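Open the viewer and get ready to select. We will go stop by stop.

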Amino acid sequence: MGATGPAHREAATAPAPAAAPEMPVKTREEASPGYHQALAAHRAVATARRVDPAISEAVERQTRAMRELSRLAFPDPEPDPDGGPRPLEIARAQRRREADASHAAALRLARQERAARAASHETSLVRKSA
């Protein structure tokens, strides 16, 4: 059978559950004396967290190794003693020059194509008028 049976209609029309009545919220400070006694007993026997020295050493070794790998992968550029540009600045300038040259070549090509289209269009207009 489909989902249109009587059980489905009842579920679809069932009223929503009533909201919980508003009650004041109890905080730990307002709890009963028994709660405070139980909490104190638990805290008295709860063991402090123990850190395994071997794990701490392993974490430190791993952190040092990751920092060393990071330093090797991303070295700090040394300033040029002559005050000249750094290799990164030289590479950026070279890329900028190449991009400017490419842009200028693209503009020249677009102007040539536009001029060729305009000349072709003028030629076709002259032929139609003749």
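This tour moves from the whole chain to a few side chains.

**Stop 1: the whole chain.** Start with everything selected. This is a predicted model. Show it as a cartoon. The protein chain has four helices and zero strands. Trace the chain along its sequence, and the pattern reads α-α-α-α.

**Stop 2: confidence.** Now color by pLDDT. The mean for the protein chain is 81. Of its residues, 77% reach 70 or more. Where is confidence lowest, and where is it highest? Select residues 6–13 to see helix α1, where confidence is lowest, at a mean of 56. Then jump to α3, where confidence is highest, at 93. Keep one caution in mind: where pLDDT is low, predicted coordinates should not be read in detail.

**Stop 3: the surface.** The protein chain exposes about 12,500 Å². Carbon and sulfur atoms supply 59% of that area. How many of the residues count as buried? Of the 130 residues in the protein chain, 1% do.

Stop 4: Select residues 53–73, which make up helix α3. Show the side chains of Arg71 and Glu68. They meet in a salt bridge, at 2.5 Å from N to O. In general, side chains of opposite charge can pair when their charged atoms come close. Count along the helix: Arg71 and Glu68 are three residues apart, about one turn. The count of salt bridges comes to one.

Are these two side chains covered or open? Arg71 has a relative accessible area of 47%, so it counts as partly exposed. Glu68 is partly exposed too, with a relative accessible area of 35%.

**Stop 5: a nonpolar patch.** Select Met66, Leu69 and Leu72. Together they form a nonpolar patch on the surface. Their accessible area is about 330 Å² together. Pick out Leu69, which lies in helix α3. Buried or exposed? Leu69 counts as exposed because its relative accessibility is 54%, and the cut-off for exposed is over 50%.

**Stop 6: a positive patch.** Move on to residues 87–129, which form helix α4. Select Arg92, Arg95, Arg96 and Arg97. These four arginines form a positive surface patch. Zoom in on Arg96, which is found in helix α4. Arg96 has a relative accessible area of 52%, so it is exposed.

**Last look.** Zoom back out and show the four helices again.

Note on methods. Residues are numbered from 1 along each chain as its sequence is written. This is a predicted model: local features need pLDDT of at least 70, side-chain atom pairs count only at pLDDT 80 or more; totals for chains, interfaces and linings use all residues. Side-chain values use heavy atoms; hydrogens and water are left out. Patches are made of residues with over 30% relative accessible area and no salt bridge: like charges are joined within 9 Å, nonpolar side chains (Val, Leu, Ile, Met, Phe, Trp, Tyr) within 5 Å. Accessible areas come from the Shrake-Rupley method with a 1.4 Å probe; for residues, only the protein chains shown count as cover. Lys and Arg count as positive and Asp and Glu as negative; His and the chain ends are not counted. The place of a charge is taken as NZ of Lys, CZ of Arg, CG of Asp or CD of Glu. Helices (H or I, at least four residues) and strands (E, at least two) are DSSP runs, numbered from the N terminus. Buried means under 20% relative accessible area, exposed over 50%, partly exposed in between (1.4 Å probe, protein chains only). pLDDT is the predictor's confidence in each residue, from 0 to 100.
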